[in-house]
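Subject: A structure to look at

Hello,

I am passing on a structure for you to explore. Please open it and have a look around before you read on.

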Amino acid sequence: MGEEEDNGQRKEREAVFHNRIFSVDGGRTEVRRFYTVMEPSSDAFEAEILRRATGRTVLEYGCGPGTHSFRLAKVAKRVVGIDISGVAIERARRRALDHAVDNVEFHVMDAESLTFPDATFDLVCGRAIVHHLNVHRCFSTISRVLH
């Protein structure tokens with residue numbers, strides 16, 4: 001089995017897993033134990049990201065159902081969220097429509113192969129995503145889409 005085939009199977013497993021957890025309760029119950037380690041730094045992380053996002057075009061990398069996108073939208077010029085989970089993206093889109101937030105958009109997308117043009121974003125942020133990815137591929141695609 002080649003590297004690309006392994007990579008494709010890994011991505012398919014990730015999509016199936018995340019679609020399942022986001023179908024249940026937004027995914028928080030099943031994965032709660034993985035995120036508790038980050039709680040002590042959550043407020044500081046969010047404050048720093050919001051400060052840096054003010055007036056900018058931001059990509060939320062691995063946004064789930066818009067986890068941070070809607071807080072970012074309050075200060076950013078534009079927010080784009082991507083996730084491998086179609087279920088999560090559909091939830092985020094519905095939330096944007098329900099709350100009439102017009103400076104956000106959401107796409108089902110492979111985080112290792114972003115389809116945005118070069119230099120699209122001023123800031124890329126995400127939490128609890130890189131460990132799901134091929135680090136070299138994700139850093140390469142992130143650096144390409146940053147100004």
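Predicted model: local features only at pLDDT ≥ 70, side-chain atom pairs only at ≥ 80, totals over all residues.

Let's start with Glu 112. You can find Glu 112 in the loop that runs between β3 (104-108) and β4 (123-125). Is Glu 112 buried or exposed? Its relative accessibility is 6%, and buried means under 20%, so Glu 112 counts as buried. Leaving aside residues up to four places away in sequence, Glu 112 touches Asn 7, Arg 10, Lys 11, Tyr 61, Leu 133, Asn 134, Arg 137, Cys 138 and Thr 141. With Asn 134 there is a distance to look up: a polar atom of the Glu 112 side chain lies 2.7 Å from the backbone nitrogen of Asn 134.

Next, the empty space. Rolling a probe the size of a water molecule over the atoms shows where such space is left. How many cavities of 30 Å³ or more does a search of the whole structure find? The search finds one, and the volume of the largest cavity is about 50 Å³. Its lining is made of Phe 45, Glu 46, Ile 49, Leu 50, His 68, Arg 71, Leu 72 and Cys 125. Sorted by class, that lining has five nonpolar residues, one polar and two charged. Two helices, α3 (39-53) and α4 (69-73), each supply at least two residues of the lining. Which of them gives the most? That is α3, with four residues.

Last, the rings. The structure holds two aromatic pairs. In one of them, the ring centres of Phe 70 and Phe 106 are 5.7 Å apart and the planes meet at 40°, so this pair is tilted. Phe 70 belongs to helix α4 and Phe 106 to strand β3, so the pair ties together parts that are 36 residues apart in sequence. Phe 70 is buried, with a relative accessible area of 10%, and Phe 106 counts as buried at 5% relative accessibility.

The other pair is Phe 116 with Phe 121: the ring centres are 5.0 Å apart and the planes are at 90°, so this pair is edge-to-face. Phe 116 counts as buried at 10% relative accessibility, and Phe 121 is buried too, with a relative accessible area of 0%.

Best wishes

Terms used. Residues numbered from 1 in each chain as written. Heavy atoms only, no water. Buried < 20%, exposed > 50% of the residue type's maximum accessible area, 1.4 Å probe, protein only. Polar contact = N/O pair within 3.5 Å; in protein donor to acceptor, adjacent residues only side chain to side chain. Contact = heavy atoms within 4.5 Å. 1 Å grid on protein atoms, 1.4 Å probe; cavity = no way out; pocket = protein on both sides within 12 Å on 5 of 7 lines; lining within 4 Å. Points joined across faces, edges and corners; volume = space filled by probe spheres on them. Nonpolar A, V, L, I, M, F, W, Y, C, P; charged D, E, K, R; others polar. Phe/Tyr/Trp six-rings, centres within 6.5 Å; stacked < 30°, edge-to-face > 60°.
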